[in-house]
Amino acid sequence: MYTDLVMDHFNNPRNVGTMEDADAIGREGNPVCGDMMELFLKIEDGHITDVKFRTFGCGAAIATSSIATEMVKGKTIEESLLLSREDIAEALGGLPANKMHCSNLATDALRSAVRSYYEAHPEEKPESLDLSTLVPTHDDDEDEEAAG
Ligand code: FES
């Protein structure tokens with residue numbers, strides 16, 4: 001049911017930890033199950049140069065958090081915001097349908113971190129970016145919960 005890559009990231013999560021000098025911190029909870037993620041970003045010249053995370057959650061939450069940190073490291077902030085939970089699941093070789101909501105934690109924590117970063121550094125915020133759009137997306141969680 002889980003791919004080898006999911007098991008690998010669950011057993012050996014990358015970029016685990018906290019960051020004393022983080023430029024941005026995002027914290028989000030998953031309303032479906034109550035699991036939590038904290039994401040720490042180091043940002044230089046608009047690029048995410050370092051990432052750390054702590055996830056208090058299921059195996060899929062840990063695996064998706066882990067691979068998401070690898071996927072955003074080195075990207076510009078704007079590029080990182082394009083990361084979807086489908087991208088994360090695809091990068092892991094797929095997730096069971098009733099575990100897709102677990103990958104919301106990483107994208108939501110990232111949005112939360114970016115929102116707090118631009119609130120602290122409004123001069124760096126692209127004009128086209130509306131911070132009110134950087135909110136958790138749980139559109140279809142209820143369906144998944146019902147499914148499984
Ligand atoms: Fe809570 Fe996966 S994130 S069950």
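Trainee: Which residues touch the most other members of the largest nonpolar core?

Mentor: They are Leu39, Leu41 and Ala113, in a core of 33 residues. Remember that this is a predicted model, where local features need pLDDT of at least 70, side-chain atom pairs count only at pLDDT 80 or more, and totals for chains, interfaces and linings use all residues. Residues are numbered from 1 along each chain as its sequence is written.

Trainee: What makes it a nonpolar core?

Mentor: The members are buried Ala, Val, Leu, Ile, Met, Phe, Trp, Tyr and Cys residues joined through C-beta atoms within 7 Å. Buried means that 20 or more other C-beta atoms, placed from the backbone, lie within 10 Å of a residue's own. Leu39, Leu41 and Ala113 belong to this core, so each of them counts as buried.

Trainee: What is Ala113 in contact with, leaving aside its neighbours within four places in sequence?

Mentor: Ala24, Ile25, Gly26, Leu39 and Leu41. Contact is the word because the C-beta atoms of two such residues, placed from the backbone, lie within 7 Å.

Trainee: What makes β1 and β3 edge strands?

Mentor: The open sheet has the order β1-β2-β3, with antiparallel pairing. β1 (24-29) and β3 (47-56) each pair on one side only.

Notes: Two strands pair if DSSP finds at least two bridges between them. Helices (H or I, at least four residues) and strands (E, at least two) are DSSP runs, numbered from the N terminus. A residue is buried if 20 or more other C-beta atoms lie within 10 Å of its own, exposed if 12 or fewer, and partly exposed in between; C-beta atoms are placed from the backbone.
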